[in-house]
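The sequence and the model are shown below.

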Amino acid sequence: MHEDSPAAARTTAAPRTPVRTAPALAEPLSESLPDAPPPGPPAGHSATTIERGSFCLARCSCGWSGPARRSRDRARTDAAEHLAAP
């Protein structure tokens with residue numbers, strides 16, 4: 001039995017759109033920004049979330065612990081609020 005080879009697939013190329021480039025900066029970006037320390041948690045604080053079964057809670061290295069939540073997002077919000085507090 002003789003089998004014919006499959007015909008080459010015909011494809012049509014999509015029209016190409018021109019690539020837009022950003023204009024060049026007059027000066028490097030790093031020279032135009034003031035030196036500022038990166039924002040971060042207060043010294044001695046490092047909050048994280050911990051999962052216990054179907055609950056998630058926020059804990060901090062200072063000993064603070066948030067309430068157990070079913071929502072991981074709410075536990076992360078608790079941790080962020082703790083880090084923002086003075």
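Does Arg74 count as buried, exposed or partly exposed? At 32% relative accessibility, Arg74 counts as partly exposed; buried means under 20% relative accessible area, exposed over 50% and partly exposed in between, with a 1.4 Å probe and protein chains only.

The model is predicted: local features need pLDDT of at least 70 and side-chain atom pairs count only at pLDDT 80 or more, while totals for chains, interfaces and linings use all residues. Residues are numbered from 1 along each chain as its sequence is written, and side-chain values use heavy atoms, leaving out hydrogens and water.

**Salt bridges**

Side chains of opposite charge can pair when their charged atoms come close. The structure holds four salt bridges, each defined as a side-chain nitrogen of Lys or Arg within 4 Å of a carboxyl oxygen of Asp or Glu.

| Salt bridge | Closest N to O |
|---|---|
| Arg74 and Asp78 | 3.5 Å |
| Arg74 and Glu81 | 3.7 Å |

Arg69, Arg74, Asp78 and Glu81 are linked in a network of salt bridges. Arg69 is partly exposed at 25% relative accessibility, and Glu81 is partly exposed at 45%.

**Helix α2**

Both Arg74 and Asp78 belong to helix α2, residues 72–84, where they stand four residues apart, about one turn of the helix. Helices (H or I, at least four residues) and strands (E, at least two) are DSSP runs, numbered from the N terminus. An α-helix has 3.6 residues a turn, so residues three or four places apart point the same way.

The 13 residues of α2 should span 18 Å at 1.5 Å a residue, and the end C-alpha atoms are 18 Å apart, which agrees. The expected span is 1.5 Å times one less than the number of residues.

Ala75, Asp78, Ala79 and His82 are buried in α2. These residues cover an arc of only 95° around the axis, which puts them on the same side of α2; the arc is that of the directions from the helix axis to the C-beta atoms. The buried residues of α2 pack against β1 (47–52) and β2 (55–60), where contact means heavy atoms within 4.5 Å.
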